[in-house]
Amino acid sequence: MWICGFILAVVTLALAYILIRFRRRDDGEPAQGTGNKTLEVVWTAVPIALVTTLFVLSVITARAVDRPLRAPDIVVVGHQWWWEVRYPASGAVTANEVHLPAGRDTLLQIDAADVVHDFWVPELGRKIDAVPGRHNYIWITAGRQATYRGACAEFCGPEHAWMRFRAVIDSPEVFDAWLAAEAAPAPQSAAADAVAGRTRFSQLTCANCHAVRGVNQQEPYAPDLTHVASRRMLAGERLENTSANLREWLHEPNLIKPNCLMPNLNLSDQDLSALTAYLESLR
Amino acid sequence: MSDTPLAPGLIADEYPETVRSAWLDWISTVDHKRIGILYMFATLVFFAAGGVEALLMRIQLARPDSHFLSPDQYDQIFTMHGTTMVFLVVVPMLLGFANYLTPLMIGARDMALPRLNAFSFWVFLFGGILLYLSFVYGHAPAAGWFAYTPLSEKGYSSRYGMDYWALALLGIGVGTVATAVNLIVTILKLRAPGLTIRRLPLFVWMVLVNSFLILMALPALNASLVMLLVDRQLNAHFFMSLGGGSPVLWQHYFWAFGHPEVYIMVLPAFGVISEVIPVFSRKPIFGYGFVAASTVAIALLSLGVWAHHMFAVGLGHAWDYAFGASSLLIAVPTGVKVFNWIATMWGGSIHFTTSMLFAIAFLFTFTIGGLSGVSFATFPLDWQTTDTYYVVAHMHYVLFGGTLFAMMSAVYYWFPKFSGRMLSERLGRLHFVLMFIGFHMTFFIQHFLGLDGMPRRVYTYPDLPGWGVMNMISTIGAFVIGISVLVLLWNMWVSIHAGAPAGDNPWNAWTLEWATTSPPPEHNFEAVPPVRSARPLWDLAHPEGGRL
Amino acid sequence: MRRFTTAQTAVAAFLLSEAVFFGFLIAAYVYFYPQAARGAGRDLDPPRTLIFTLCLLASSATLWLAERRMTAGGRNGFRLWLGVTIALGAVFLAGQGLEYAGLFAKSVTPERDLFGATFFTLTGFHGFHVLCGLVSLLALLALTFRADFGEAARRGVGAVALYWHFVDAVWIVIFSLVYLTVWI
């Protein structure tokens, strides 16, 4: 940036000076001088030196962020328009939230289920495409505990804008506890409405796309809901995860996130209450 | 010399005069000047369409979480905006100017292949109309102007908009290649006696190099489009990983076209600047040979930088290093040009006409755009900034602040030659001020939006601190640009009817197009002046002066 | 060294762009080569295609002969050899048509696999270019019957000849890459 700023300053100042010093004073023609081979060589050689410096710096940076691959700690799969997040070692599966332990080198494998997406958390490192048919990898070592916003950074269809996610950096102890909780099967609430909701979840078509580990198994057509209530946001950062918002979402997903692949199931008020209660019990 | 007779009188007899309607005259013309005007008029209409699309986008983005446009509508509009501006505005506008000016600047009577010239225009126009017919069909293409697979495949873009897009671009591509062929043959074969290649006006030189670049780049697009159509219509799997194909192959192929294409969009603009700055500094170009040679360097290098659009794909170090290096290198010949233009002004006597104002604005703005480009070539930076509003800022700085400013300069410079009338300098200054302010207001702030994390190609964004304000400023700037365009149109309308008569050479310039009337007669020249240097009219006025 | 006429310069420039176009289609065939070669080995008939290839190559020779007759001033000789060229080109296209019919009968289509996709796209566009060449040659043949078949038309022949030889050269590359590599 400094080099570019320097060049811009040189050009701008030169221009400003020239425009004032050599503005038209009379109708006579100035000296018709042309060319100066030395000058041409200088202003070719100096930029070559500058860009060579930039290239060397680039290579140094690229090598610094690279490490040999091993089995990934996290597998992230981009779908239209949500992020599947799996922790292979523990079996935990979640969506649209990536938790990482501070200070530990973490290897993420980035895949895509349909079209090309891109995984990007600006504060944590580079962006990397999620391409169907290939695996990409990114090493992340988060410095401190914080929550960062992530986004899909490759146009992937109408809801690309709301294919956002969260990266939560915890202390190693908190992270391990979180991981254990996520890996566990779904909690079983005894509350009446939650029980009713669990029944409706299986009876209505929800279970055809969504998995709640301990209740059903399903291919990742849609986000895993096992611990959905523990997440801060819904629908790719579109909504805060509250009862009211969840109910709104179930009522008419396409109103909140047009073109999203979840259909409007025309749920009755009773079903909406039951399902909302059930899902909110899945901490 | 060539096999085409030069003397004007002989040619005129082959085309007997007939009395026809003006409309039929224009539709059936093969005269390069009229075809040039047709291109300029058509691109103006497409520019209005692309501009309206941009304003609609900016209205949608002015506030966070806006519902002015649905996501699907936004995606169609941003796709059409990009496709229109690249294929239906910038390139044809440049080719339209090249069409009008090249035969005049080399002392020829017309292009080498006049009927091919007419064909090129009409196939371009019909291609553009076909593209816009997709709206009538009910769904314009919506996968971006770059149509990455698999999103643009039938499985994810099931409507016919993508097919309209592919077929329209194939048609437009045919017209572009035909024009490039025509320009090459014209420049190689029809130069006036004494006009050696080393005495070519720099605009013509850049048009020549540009035409070769078109011949190398457009076929890559044609191959890509053909393969996409085979995928979509014959159910093949060139770009679908499910069938063994490769989505990334599309990116390689598309950018093998797409990167040279951006140089195709800028080289003739460099040519305009190389004509305008010397004339309004009253000095010849500082280093003719270096400017010409750097053009060839840029063209050759531009064929080897395409994967810098793919630094985030994860191709591996070899690719990142190789294309980072070549992309950094291409900044050098471009810098040589900028330094030469500045050196041309040094020691000169600068006339601040509107044309010159735009040329100076070009120097400043294009340099900013070029430097942000260097920041992308520094590929670790690209890993953060690619696919964000930083890219949107960069590309508009070089294509709008670069090419379009240069074309505004060209309009004010050559409008007198085309029409016989001067544009109003007063209105021109107003246009300049509004456009300059509006442009920087719209796009400078987008650098910061991108660095702050706003991705591109999004129909809306969350209400993060500062994002709403920055986007609103950008939107206001866009409307200021729109107003400035209206001022330009008003200027052109008023001046055509009541502008001051221009005369042959209102700027006291030196190249051959100024050695005939404004506008030129159908056969261009009554007599072509002798050519002994790159500045024939200077030599005529200064018989004692030295050669260039 | 013969200098190109205006028409030949134009065709040469156009051929540069065509070379790039075919280059990209060939590159796709090469990129998908493992799958393409499997299909080629299984479904193609190189010996039969060789016969049609020789017809196409011969047509280049006959076109060259035609040009020589024209330079020597013999319009009838020119017409004869031009006619032979067209006939040979038509035989080549017929052969391709037969080949395509045979492949479709075996369910080899662009849809089935990447051999189908790359093979048909590459040879299909080549065949289309041969067809355009035949149309141009027929147009030339028709022109020879006009009384004013003069210098301008002769230059047209040189330009069309350039195009025809190019199309043949592209076929040599395609034939070697697609057929010879699985035959030998």
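1. Helix H2 of chain A meets helix H11 of chain B through A:Val51, A:Leu54, A:Phe55, A:Val59, A:Ala62 and A:Arg63 on one side and B:His317, B:Tyr321, B:Gly324, B:Ala325 and B:Leu328 on the other. By class, this contact has eight nonpolar, two polar and one charged residues. Contact means heavy atoms within 4.5 Å; Ala, Val, Leu, Ile, Met, Phe, Trp, Tyr, Cys and Pro count as nonpolar, Asp, Glu, Lys and Arg as charged, and the others, Gly among them, as polar.

2. This is a predicted model, in which local features need pLDDT of at least 70 and side-chain atom pairs pLDDT 80 or more, while totals for chains, interfaces and linings use all residues. Residues are numbered from 1 along each chain, chains are lettered from A in the order written, and side-chain values use heavy atoms, without hydrogens and water.

3. Helices are DSSP runs (H or I, at least four residues), and axes are lines fitted to C-alpha atoms over the stretch in contact, with angles from 0 to 180 degrees between N-to-C directions.

4. Between chain B and chain C about 2400 Å² is buried, 73% of it on carbon and sulfur atoms. Buried area is the accessible area (1.4 Å probe) lost on putting two parts together, summed over both.

5. Two pairs of chains touch, and chains A and B have the most contacts. Chain A and chain C do not touch, their nearest C-alpha atoms being 15 Å apart.

Technical notes. Helix = DSSP H or I, 4+ residues; strand = E, 2+ residues; numbered from the N terminus.
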